[in-house]
Amino acid sequence: MSNIPADLKYASTHEWVRDEGDGTFTIGITEHAQDLLGDMVFVELPDVGDKVDTGDDIAVAESVKAASDIYAPISGEVTAVNEDLEDSPETVNNDPFGDGWLFKIKADDSSELQNLLDAEAYEASIDED
């Protein structure tokens, strides 16, 4: 069973969202997602300043097995990207909920978080897969 931190919100497309308490949200992919993908070899991140809408494919995670789109779980502006992943994409595998974060978004409307799953609902969704 995957590690699914209870303090995060989740998209059914396997992204997690952490509220930083200042209107920004850190986003990454779940342990389950990185496990399915396998060893990361490259992560293509959005540009700081990009405006995104919920559901936009804004990043790509490439592994030895496949390339997978990463979707924006909320709308807003990209305020930061994890540049460390350029040289160390395997950080997504080693610490998906910590140093393996992908990007940060300043939300247009933080109420969009209500559309995301809590840990229990996300776990139920991956158990169905």
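Strand β6 (residues 57-63) is mostly covered, with five of its seven residues buried. Buried means under 20% relative accessible area, exposed means over 50%, and partly exposed lies in between, with a 1.4 Å probe and protein chains only. Strands here are DSSP runs of E with at least two residues, helices are runs of H or I with at least four, and both are numbered from the N terminus.

The model is predicted: local features need pLDDT of at least 70 and side-chain atom pairs count only at pLDDT 80 or more, while totals for chains, interfaces and linings use all residues. Residues are numbered from 1 along each chain as its sequence is written, and side-chain values use heavy atoms, with hydrogens and water left out.

**Sheet around β6**

β6 belongs to an open sheet of three strands, ordered β4-β6-β7 with antiparallel pairing. Two strands count as paired if DSSP finds at least two bridges between them. At the edges are β4 (40-44) and β7 (67-71), each of which pairs on one side only. Four bridges link β4 to β6, and five link β6 to β7. β6 and β7 make a hairpin, with three residues between them. Residues that stand opposite each other are listed below.

| Residue | Opposite residue | Strand of the opposite residue |
|---|---|---|
| Met-40 | Ser-63 | β6 |
| Phe-42 | Glu-62 | β6 |
| Val-60 | Asp-69 | β7 |

**Two individual residues**

Tyr-71 lies in β7 and is partly exposed, at a relative accessible area of 29%. Beyond its neighbours within four places in sequence, Tyr-71 is in contact with Thr-13, Glu-15, Gly-55, Asp-56 and Asp-57, where contact means heavy atoms within 4.5 Å.

His-14 sits in the loop between β1 (9-10) and β2 (15-19). This residue is buried, with a relative accessible area of 15%. The phi of His-14 is near 80 degrees, a positive value in a residue other than glycine. Most residues other than glycine have a negative phi.

**Nonpolar cores**

A nonpolar core is a set of buried Ala, Val, Leu, Ile, Met, Phe, Trp, Tyr and Cys residues joined through side-chain atoms within 4.5 Å. The largest has 26 residues, and Ile-29, Ile-70, Val-92, Leu-102, Phe-103 and Ile-105 have the most contacts inside it. Two or more residues each come from β3 (24-29), α1 (31-37), β4, β6, β8 (76-81) and β9 (103-107). Apart from this core lies another, of nine residues, among them Leu-8, Tyr-10, Tyr-122 and Ile-126.

**Whole protein**

The protein has three helices and nine strands, running β-β-β-α-β-β-β-β-β-α-β-α from the N terminus. Its radius of gyration is 13 Å, close to the 14 Å that the globule rule gives for 129 residues, so the protein is as compact as a globular protein of that length. This radius is taken over C-alpha atoms, and the rule is 2.2 Å times the number of residues to the power 0.38. Buried residues make up 47% of the 129 residues. Among contacts between residues at least 6 apart in sequence, 60% join residues at least 24 apart.
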